[in-house]
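Subject: Structure for your review

Dear colleague,

Please find below the structure that I am handing over to you.

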Amino acid sequence: MLMKSIAAGLAGTALLATVAFAQNPTATTDKAASATTTTTAASGEWRVSKMSGLKVYNDANENIGSINDLLMDKSGAVKIAVIGVGGFLGMGEHLVAVPYEKLKFVNEAVAYTGASTNPGAKPAATTTTGAATGTDRPAATTTSSTSKWYPDHAVFNASKDELKNMPEFKYSE
């Protein structure tokens, strides 16, 4: 007798659930869905996601490291830049924390002297715009950085050795 009442209860529950799922939802007005969306322009702003890996040079145009992370306070203001110095492919890298306001961001490429006296310098970056002309050079080259969402590089007034001698930054958990 107990088995019959359990089976009847399960069958009744299944029938009620089927009826509930078969009903069409009623049309409701959603204020959020009916609100018009607006597009905002953020010209002159930089994406934080693009800042990771940004090369850091000193005043002598020597590559001294790259930005690994940006740390902000609770109000959202960036306070610290974590710079990776040395290492190879991220292995053996020495992390140091520097005040964010001490970094100077530059949109132009690092000046390239053409001589090998400065191994940390890089040649000016060029982007090709337009179609190729069929010759050995592109139709137009520019060093435009105004359309990018990140600066070309950062400048910090220290040598690579000075950064390596700074206390290592470690994330506390």
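What percentage of the 173 residues of the protein count as buried? The share is 21%. Please bear in mind that this is a predicted model.

Let me begin with the overall architecture. The protein contains four helices and eight strands. Read from the N terminus, the order of these elements is α-α-α-β-β-β-β-β-β-β-β-α.

Next, the interior. In soluble globular proteins, nonpolar side chains tend to be buried together. The largest nonpolar core here has 17 residues, and Leu103, Phe156 and Leu163 are the members that touch the most others. At least two residues of this core come from each of β2 (63–72), β3 (78–85) and β4 (94–99). With its neighbours within four places in sequence set aside, Leu163 has contacts with Ile64, Val85, His94, Val96, Val98, Phe156 and Ala158.

Finally, a word on confidence. The mean pLDDT of the protein is 73, and 57% of its residues reach 70 or more. Over residues 115–145, pLDDT stays under 50. The model has 36 contacts beyond four places in sequence for that stretch. Where pLDDT is low, the predicted coordinates should not be read in detail.

Yours sincerely,
A colleague

Notes:
Residues are numbered from 1 along each chain as its sequence is written. This is a predicted model: local features need pLDDT of at least 70, side-chain atom pairs count only at pLDDT 80 or more; totals for chains, interfaces and linings use all residues. Side-chain values use heavy atoms; hydrogens and water are left out. A nonpolar core is a set of buried Ala, Val, Leu, Ile, Met, Phe, Trp, Tyr and Cys residues joined through side-chain atoms within 4.5 Å. Buried means under 20% relative accessible area, exposed over 50%, partly exposed in between (1.4 Å probe, protein chains only). Contact means heavy atoms within 4.5 Å. pLDDT is the predictor's confidence in each residue, from 0 to 100.
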